[in-house]
Amino acid sequence: MLRQSDASVTYRRRVTHTVAGTLSPVQATSTRERSTEPPQPSYRSWSRAFGDLRRGWHQRPLWGYLGWQDIKQGYNRSVIGPLWITISMAVTAFALGVLYSTLFDQDLAVHLPYLTVGFIVWNFIAGNVNEGASVFIANEGLIKQLPAPLSVHVYRLVWRQMLFFAHNLVVYVILMFIFPKPLGFHSLMAVPAFAVLAINAMWMAILVGIISTRFRDIPPVTGSLMQLLFFMTPIVWNYDIIADRSEEVAAQLWVVELNPFMHFLEIIRQPMLGEWASWHHWAIVGGITVVGWAAALVILRNYRARVSYWV
């Protein structure tokens, strides 16, 4: 009995000593092992921000399929399906071309291709900006239930707009047969120009999309701003022709240069019409691309983890 009592007292002392702060040999070993493990990056880290973009790019089958399904579901049970995209663009471009060529007293063969290409490119730009403002809000269910990077939804958006652009290019091809232009080797510059547009569309969607999840007034403001910029951008009116009419008007057109979308439009429209794009447009677009991606990466780094709580 005395030996059992002594053993129990000794056990209680050991337990009390351990609770007071002394670790057992097993615990000490596990603590040393954990201390040798590399620390995990915090949620606000550049590695997680770039990792989100990288993992989203590797999931191309996912956002590629979802983007194509978005278009198919929009024209579900329709006879001609997505061809309505091309028909709608053709009718709108022809109506606007005839109207504004008459109002501005311009040759239809010159103004209609100019307006059509501008309208096609503008639809791509405006579609990415307007839908980018609500890209995470619209995918609330997937963000909360699907363990996927946030960039998947941005890739899906840009891919869907690229498919719309491809459908609208049919109108451009038909127009080149009706009103041929001197297309040459320099027209291939439209390919890298479109790639630059797609790259900029991504940072626009990331930047505006994350901010919009926190401040829900941003999407309607973005829609109103894009409507205003449509009339301030040389799409339905020709920048060069208006500048050549009088020196007073040309002196006031510097305001148009302040519109960043004008430069994005020109780097792709001029090659598609058989002309060389001015290098000052490329310089401005390059600067906007660097600044825009820097701002988008900062926002993605700091607030990526909060999007699932804001939506």
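Residues are numbered from 1 along each chain as its sequence is written. Because the model is predicted, local features need pLDDT of at least 70 and side-chain atom pairs count only at pLDDT 80 or more, while totals for chains, interfaces and linings use all residues, and side-chain values use heavy atoms, with hydrogens and water left out.

**Exercise 1. The chain as a whole**

Determine which secondary structure the chain holds, and what share of its residues is buried.

Solution. Begin with the definition: helices (H or I, at least four residues) and strands (E, at least two) are DSSP runs, numbered from the N terminus. Counted in this way, the chain has 17 helices and 0 strands. Next comes burial, where buried means under 20% relative accessible area, exposed over 50%, and partly exposed in between (1.4 Å probe, protein chains only). Of the 311 residues of the chain, 41% are buried. Finally, take contacts, meaning heavy atoms within 4.5 Å: among those between residues at least 6 apart in sequence, 77% join residues at least 24 apart.

**Exercise 2. The annotated spans**

Find where UniProt places the feature "transmembrane region", and state how much helix residues 112-137 and residues 279-300 contain.

Solution. The UniProt record, an unreviewed entry, puts this feature at residues 79-100, 112-137, 157-179, 185-211, 218-237 and 279-300; its positions are given in the numbering used here, feature names are shortened, and annotations may be inferred rather than shown by experiment. In the model, residues 112-137 are 92% helix and 0% strand, with their end C-alpha atoms 37 Å apart. Residues 279-300 are 100% helix and 0% strand, and here the end C-alpha atoms lie 31 Å apart.

**Exercise 3. Salt bridges**

State how many salt bridges the structure holds, and explain which parts of the chain arginine 304 and aspartate 52 tie together.

Solution. A salt bridge is a side-chain nitrogen of Lys or Arg within 4 Å of a carboxyl oxygen of Asp or Glu, and the structure holds 6 of them. In one, the side chains of arginine 304 and aspartate 52 meet at 3.9 Å, N to O. Arginine 304 belongs to the loop between helix 16 (279-303) and helix 17 (307-310), whereas aspartate 52 belongs to helix 3 (residues 46-58), so the pair ties together parts that are 252 residues apart in sequence. Both arginine 304 and aspartate 52 are buried.

Turn then to pairs within a helix. In helix 15 (residues 260-272), arginine 269 and glutamate 266 are 3 residues apart, about one helical turn; their salt bridge has an N to O distance of 2.4 Å, and both residues are buried. In helix 8 (residues 140-145), lysine 144 and glutamate 140 are 4 residues apart, again about one turn, and their closest N and O atoms are 3.1 Å apart. Glutamate 140 is partly exposed, at a relative accessible area of 33%. Lastly, a network of salt bridges links Asp70, Glu131, Arg156 and Arg160.

**Exercise 4. The setting of histidine 281**

Decide whether histidine 281 is buried or exposed, and list what it contacts beyond its neighbours within four places in sequence.

Solution. Histidine 281 lies in helix 16 and is buried, at a relative accessible area of 4%. Leaving those neighbours aside, its contacts are Met262, His263, Glu266, Ile267 and Gln270. With histidine 263 there is also a side-chain polar contact of 2.9 Å, a term for a pair of N or O atoms within 3.5 Å; within protein, one must be able to donate a hydrogen and the other to accept it, and residues adjacent in sequence count only if both atoms are side-chain atoms.

**Exercise 5. Aromatic rings**

Classify the pair formed by the rings of tryptophan 279 and tryptophan 282.

Solution. Rings of Phe, Tyr and Trp (its six-membered ring) pair if their centres lie within 6.5 Å; planes under 30 degrees apart count as stacked, over 60 as edge-to-face and the rest as tilted. This rule gives 13 aromatic pairs. For tryptophan 279 and tryptophan 282, the centres are 6.5 Å apart and the planes stand at 40°, so the pair is tilted. The two residues lie 3 apart in helix 16, yet tryptophan 279 is exposed at 61%, while tryptophan 282 is buried at 17%.
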